[in-house]
Structures are given as structure tokens and as C-alpha cells.
Amino acid sequence: MLPEAKIAIPRGEARRLRALRRVNVGDSSYNALLWFFGGSVLVVAGVIVFGLWGTASPAFRATSVLSFITSTNWDPVQESFGALPFIYGTLVTSAIALLLAVPIGVGFAVFLVEMAPSPIRPIVSFPLELLAAIPSVVYGLWGLFVMVPWLRSSVEPLLGSTLGFLPLFRGPPLGLGYLAGGLILVVMILPTIASISIEVLRTVPSSLREAALALGATRWEAIRVASLPYSRTGILGAALLGLGRALGETMAVTMVIGNSPEIHASLFAAGYSLPAVIANEFAEATSTVHTGVLAALALILFGITLLLNSVARLLVRAVTKGYAKAST
Amino acid sequence: MKKKIVMLCIALGGAALAADSLLINGAGATFPAPIYSKWFSEYNKLHPDLKFNYQPIGSGGGIKQITEGTVDFGASDAPMTEEELSKAPGVVHIPTVMGAVVIIHNVAGLTELKLSPETLSAIYLGKIAKWNDPALTKENPGAKLPDQAISVAHRSDGSGTTNIFTDYLAKVSPEWEKGVGAGKSVKWPVGIGGKGNEGVTGVVKQTPGAIGYVELAYANQNKLAPALMKNKSGVYVAPNIKSTSAAAVGVTIPDDYRVFVTNSPTKDAYPIAGFTWLLVHKDQKDAAKGKALIQFLWWAQHAGQQFAAPLDYAPLPEPVVKKVETTLKTLTVQGKPVNVAGS
């Protein structure tokens, strides 16, 4: 047993310890700073919801939440407001966008990572980055002046004559409408989905791919059994980011969706979306009820985004679990 | 060194403040923003010590800001409602220039379209759905009107243009008044919405058989051929600066100027026209700013009117200017009247 001894700290050691304590002060303040940054996101979200709620409350005094969400009447003159046409339009256009943009974007990424010869990679990926940098009002103008006439004169008549037995593709080809809104969103979210998918596919270890090939898999089979399952959470995340942009896109959608607050089964018909009506009517809304319902629409949009994000997260978790089980 | 820079900044800031002795802030309607900025720059040439800052955030924003007292003057394309005025006591409307709403169309081979109030309202109610409807062919003898569906286009964003247009339809069609009403945003019975003048023009240009409405200034600048409207006296009038100004003649203008001069009975008046207003407090709280603002308003009613027509705005007709003169003389600064004509 060692005798208790007073520990004499040498001079140099004391300096070192003091320095260490200083480092600790830095550590703790750094810690606090990071907590602040982390918390600020929550605070900002909270402040937004709180502010919207404050502005929206006169609207909820005038009508109940349930009748507001389920009513289809939108009459600013009579101050009778219903949100359903806008919710419907937002969901329909975003669904069209995801249904088309995910296969195209992932296919593009697979081609670029797995198949494309390296010299042409930058040639293909550069325009993709360019697409992501175009402002949405430019997409809107392009949609209105180029895509809509094309839809009216070629695409919609063709869809109507071949798939007209479905209620989705009936009615006169206007050009403007849900289909135009959805298609413009496809172009806008494609770069997001494709570029993230590319990054995700690049992280697939080549040993996995080589193993599949060594077992006699064809190139397609290797992609299907090795690359895609390995990166599916990342691809889901890419789709989620695309969905976020699609739900909130304002300018481009309002220019091509037709801006009429009605619900139609046909994709050719004119509709409306939540962000579009807020942007259209907020600047000139003077009565407290009118500004109130617009703020309420913003809250609904917030809620939809939150809901879809949570569902997608659960989906990601379920998929990851399934994959982990399958691979063990 | 740092100290020196700080001192320099303070000195410069002080100098800048001293030089711009007076800054008058305003906000509101986007439609008259070009003529207002022209006025402000011309007036600044005459009074270099006076500067205006105008934010075109929309009529609704202008009304909100003058109500909250965050600006010295507001601007609106639509008169304030009773409810809005009750929240902003002492705010008066001063008409500045006039604008018109014109009807544009996209029918191949049709150069001049003539419309009566009845057919226009029937089209926007969805009752006339084809270009070769008997009502239209009767009004346009000799014109080749096709057997084509009419696609109605309207503004999707809340706007003073829509307000004037729907006010006119409500005046000429009892059915419109009962079923739809007038406002900056309404529940349209038919049609597609385009955002802004450019959005409506886009929809009309892109859709064969479309009809839509835009501001006169926008139509002139973009060389769109507008329809002739039959006015209350039964004359088909083309929209232009003269026929727009004429709309405010022969109508009783109330003392608060809150009036739509649509459906004017004057023979050469275009029927879908209206004022745009500046909103100011009847009694100005700030002595220097108040005096400068009232004198500017006087200048805008007189010398300022010559700048309107080149920018495609219709100047106020003489009787209206005379009436506004009497109103401006009643404005006060801290309770005292002002020498309105300036020094």
C-alpha cells in the first residue's frame, strides 16, 4: 500500500492544467453554441406556427376548423371560405410530380453511376446542376408559353383518345390545369432527386457490386440486388426532399395550374394549390377574416408537410429494418 | 485605426442625414407605381431637399400601413371600405390619375370586337359559351365569328383591376351583382385565372378562343388590340386615354371621392374606368412633412398631370381637379391650414 502523499505539482504541469481548463471553457461554450444552433431550428418553426396561428385565429372564429377543411366554396366577396380545393390541388400535383420524377431521377442516377462511360458523365451531369439553379419564375414562364400549348395541342388530345376511358383523362384539353402543374413540378424536382440519388449510389461499395457480378449476375441484376437495395433509404430521402419542394412550390405552379378553386377528377381541368392562393390573394387581402383564412391555409400546408415527412420517416425506418433482417 | 473608421462612419451618416432633410414614406398600389416614381423624381428636381420613398406592395398593404401609421401616405386602386375607414379615422382619398380595364381576345381573323355590357356579363357568367352566339354576331355584323368555345380568363391575384371590372359587371348585370358581386378577388362562375396582367395576357395569347381583361396601360405597352365597349349612352367606345378621362365627367363625385366611375353616362366615355387614390391624413401631425406632402399633392393635380399620358395613365378631367383643389385646401398641418400652392 502506498503512503498518502501530498502531490506536488511541478510548475510546467500547472501551466498545462490551466491551459486544459481554458480549453474546457472553450469546450463548454462551444457546446452551448451548438445547442443554440440546434435549438434555433425548433424555435424558428415554433415562432412561425405561433405567428400563423395568431393571424389565422379570426378565421377560426368565423368558421370551424372542420368545415373550413371540408368546404369547397371559396368566395372572398361573401367571406365564405373552404380549403378543400387547394388541399386537393396541392396533393394531386405533388403526386404527379413524384410518380414521374422518382423513376426518371433514379433511372438517371443509375445510368450515370453504373453504366455511363466516364467521359460523358460530366456532359450529362452538368445540365442537371444547371436545371437546379433555374429560378422557379423562369420555369413558370416556360411552362406557360412552351409546355402548356404543347400539352393542349398534342399531349392532352393523345391521352384523351387513348386513355379517355379513365376519368383522369377526360374533358376538353385546356393545357392549363393539374397535369401542367404536376409536369412543371417534375422538371423542377428532378434535379434534386437525381443528384442526391447519384451521391447515394456512389457510396455503394464496389465489393458488393463485384460480388454480385462474381456470382454470375448480369449488370441489371447486380444493380437490382446490390446497388439499389443498399441505397434505398438514401433514395427515399431524395424523394422526400423532392416532395417538400413540390408541396411548397408557388410561382411556377400558379402560372400553369389555372387558378380556379374547384375539384375535378380530370387532370386536364384547372385547379388551384395552397401556396398559389396564398401568393395570389395575400397582398390585396384587407379584411381580417380574409388574411386569417390565408394564414390558416399556410398552417394546413405546414401540417401536410409535417404529416408526409413523418410518414416517409416511418417508411424509411420500416424499410431499413426489413433490409437489415434480410441481409442477416 | 478602427476608431477612426467608426468616427468617419458617424460623420458621414450625420452628413447624409443633414443633406436629406426630409424623407416622405409611402406604400401601396402597384398599378400607379410608374407614374408616382416619375412624379417623385420630377418633384425632387424642383425641391432637392425633399425625397420620397414609395414601396409598391399592393393596395391592401397601402391601406394597412396608413392605418397603422407606419407611412406618411398610402396608395390604393380601390377605395377603402367603411370597415377599413372606421379603423383609420381622418384618412382622406385624393384621386391622382385614372386607369381603364380593357377586354382582349384571341380569335383568329377577328380584328375589331364590339361588346355590349349584356354580352360581356353573359360571357363572364358562362351563359354565352361560343363565339358565334347570336348575341355576339348581332353586335359584330360583318365579322367572321367562328364556331369556337369561349375560354374565359381572369386575374387570379387580388387586384384593383378586378375590382373595377367586377364593379362594372355588377352595375350592368343584376345577376352578376346577386350571384358574384364586386371585389378584388371574387368567386368566378367560369374561367381560368392568370397571375397579374402578364398572366392573363399569357393565357389569352396561348388559348385559341380566349377572352380576358387587363389594364389599359399594359395593353397599350404590349400592343394588344382591345375590344370596343358599348357605354351607357349606347356608343361603342375604344379604350384610350381620352375616353378614360371622360369617364369621370358627368358623374357625381362624392366629397370623399370613394366612387367607381364605371358605366359613365358621358357619350365619349369608356365604361370600365376608375381612379387610383393616394391616402393621406386630413390633419398632418408632422409640420415639415405634412406641409411638403400637401404641396406635392397640389403639384401632382396640376403640373404633374402632364406626365400621365406618356406613361399610359389618363389624367384627371378638369372638373375633378377643381373639386380636389377645394379638398386639398381643407387639409391641415397640426390643425392649421397650409398655403397649398407652395412657395
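Two strands count as paired here if DSSP finds at least two bridges between them. Keep that in mind as you walk through this predicted model.

Stop 1: Select residues 332–333 of chain B, which make up strand β13. This strand pairs with β14(B) in the antiparallel sense, over 2 bridges. Now pick out Thr332(B): across from it, in β14(B), stands Pro337(B).

**Stop 2: where the chains meet.** Show chains A and B together. The contact draws 29 residues from chain B and 23 residues from chain A. On the chain B side, colour α3 (59–68), β7 (192–194) and α9 (196–206), the elements that give two or more residues. Of these, α3(B) gives the most, with 5 residues. Colour this side of chain B by residue class and you get 7 nonpolar, 16 polar and 6 charged residues.

**Stop 3: a helix in chain A.** Select residues 219–230 of chain A, helix α8. Its 12 residues reach 16 Å from first C-alpha to last, close to the 16 Å expected at 1.5 Å a residue. Which residues of α8(A) are buried? Highlight Ala222(A), Ile223(A), Ala226(A) and Ser227(A). Turn the view to look down the axis of α8(A): the buried residues fall within an arc of 120°, so they line one face of the helix.

How values were computed. Residues numbered from 1 in each chain as written. Chains lettered and ligands numbered in written order. Predicted model: local features only at pLDDT ≥ 70, side-chain atom pairs only at ≥ 80, totals over all residues. Contact = placed C-beta atoms within 7 Å. Helix = DSSP H or I, 4+ residues; strand = E, 2+ residues; numbered from the N terminus. Nonpolar A, V, L, I, M, F, W, Y, C, P; charged D, E, K, R; others polar. Expected span 1.5 Å × (residues − 1). Buried ≥ 20, exposed ≤ 12 C-beta atoms within 10 Å, placed from the backbone. Arc of directions from axis to C-beta.
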